[in-house]
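Please look over the sequence and the model below. The report that follows goes from the whole chain to single residues.

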Amino acid sequence: MRKKTTVLVIGANGQLGSVLTKSLQEKYGCDRVIASDLQPKEGFEGVFEVIDATDMDRIQEVINKYDITQIYHLAAILSAKGETMPLITWDINMKTLFNVLEVSRTNNIEKVFFPSSIAVFGEGAPLEHTPNNAYLDPATVYGISKAAGENWAQYYFLKYGLDVRSIRYPGVIGYQSIPSGGTTDYAVDIFHKAVLNEEFECFLEKETTLPMIFIDDVIRATIEIMEAPLEDISVRTSYNLAGTSFSPLELVQEIRKLYPDFKVKYNPDYRQDIASKWPDSIDDSVALKDWGWKPKFDIELMTTTMIQKLKEKYKIDIKNSKALML
Ligand code: AKB
């Protein structure tokens with residue numbers, strides 16, 4: 001008899017994990033989604049377990065406790081932070097992945113989700129419409145760990161039949177949480193500054209175009225690939241995924257349609273070197289062909305949605321802080 005789907009989300013406090021956990025709760029029910037991270041998150045509603053994913057025994061305990069059938073492994077150190085501690089990043093990103101793959105194999109987990117990233121591409125890949133099977137020569141330790149991880153995901157599928165599915169995420173733009181440690185993080189921070197009428201200092205050059213995606217699209221893509229019939233998944237390393245592509249300047253121009261006085265200064269740092277080697281745009285036609293992927297948000301819709309949501313959020317935050325002060 002097929003077991004009822006019970007999902008474990010590792011890295012549930014992160015930019016993506018926090019939103020994905022909510023969508024999974026809506027889909028499977030609160031008691032069927034086990035959120036986990038290094039520490040509990042204030043205000044979290046649902047079932048939570050503290051897991052350090054470098055500890056395989058701890059993951060095993062949680063699998064046993066809830067009879068887990070699917071794992072979403074979202075914990076990783078991202079590109080920019082990774083460059084400040086390369087060996088630790090390699091250890092953590094690979095150890096946590098191996099732990100997830102191994103416990104999944106030995107517990108007959110039905111499906112595993114492992115996010116990869118546009119960071120797997122380097123100077124050997126075409127900058128425009130980078131194809132799914134482009135040469136991978138990543139220049140960051142994060143990118144190297146994701147490229148290696150993609151191959152390990154495929155290895156576990158081919159050797160053990162473990163159903164690991166993966167997407168190469170572009171930079172994710174969302175209003176619910178603030179990302180940290182990534183090279184694409186500027187594109188979230190900029191919206192907060194615009195809504196708060198503050199000047200924004202950009203750590204990338206104004207012309208640096210990168211592939212980005214709005215949070216609603218990326219969550220939908222993640223759930224869609226996990227729901228696709230097994231026989232439709234032809235790529236066992238990772239699928240390219242496109243949302244929209246833009247440079248800081250193009251984003252500023254879009255924001256200025258709503259905030260004409262928005263001030264920005266450019267002060268590129270080491271993250272510019274990382275971004276310069278990543279693609280400008282992504283060819284995601286294989287994802288379209290295999291499981292029907294199509295993004296809904298372009299730069300315009302993403303910008304208006306971000307601003308509307310952040311305005312609501314800050315109004316609420318201001319109300320809350322006033323309430324606390326009374
Ligand atoms: C980062 O900037 O490191 C991430 C990514 C593109 O994977 N957002």
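## Surface and charge

The protein chain exposes about 15,000 Å². Carbon and sulfur atoms supply 52% of that area. Keep in mind that this is a predicted model.

## Overall fold

Eleven helices and 14 strands make up the secondary structure count of the protein chain. Its radius of gyration is 20 Å, close to the 20 Å that the globule rule gives for 326 residues, so the chain is as compact as a globular protein of that length. Along the principal axes, the C-alpha trace spans about 60 × 55 × 40 Å.

Of the 326 residues, 53% are buried.

## Helix α6

Helix α6 covers residues 186–195. Eight of its ten residues are buried, so the helix is largely enclosed by the rest of the structure.

After α6 comes Asn197. The phi of Asn197 is positive, near 55°.

## Ala147, inside a helix

Ala147 lies in helix α5, which runs over residues 141–160. Is Ala147 buried or exposed? Its relative accessibility is 11%, so Ala147 counts as buried; the cut-off for buried is under 20%.

Leaving aside residues up to four places away in sequence, Ala147 touches Val120, Leu136 and Pro138. Arg168 is 21 residues from Ala147 in sequence. In space, the two are 9.9 Å apart, C-alpha to C-alpha.

## Gln39, in a loop

Gln39 sits in the loop between β2 (33–37) and β3 (47–50). At 53% relative accessibility, Gln39 counts as exposed, because exposed means over 50%.

Which residues does Gln39 touch, not counting those up to four places away in sequence? They are Asn13, Phe48 and Val50. Gly11 is 28 residues from Gln39 in sequence. The C-alpha atoms of Gln39 and Gly11 are 9.8 Å apart in space.

How values were computed
Residues numbered from 1 in each chain as written. Predicted model: local features only at pLDDT ≥ 70, side-chain atom pairs only at ≥ 80, totals over all residues. Heavy atoms only, no water. Helix = DSSP H or I, 4+ residues; strand = E, 2+ residues; numbered from the N terminus. Buried < 20%, exposed > 50% of the residue type's maximum accessible area, 1.4 Å probe, protein only. Contact = heavy atoms within 4.5 Å. Rg over C-alpha atoms; globule rule 2.2 N^0.38 Å. Areas by Shrake-Rupley, 256 points an atom, 1.4 Å probe, with all protein chains shown as cover.
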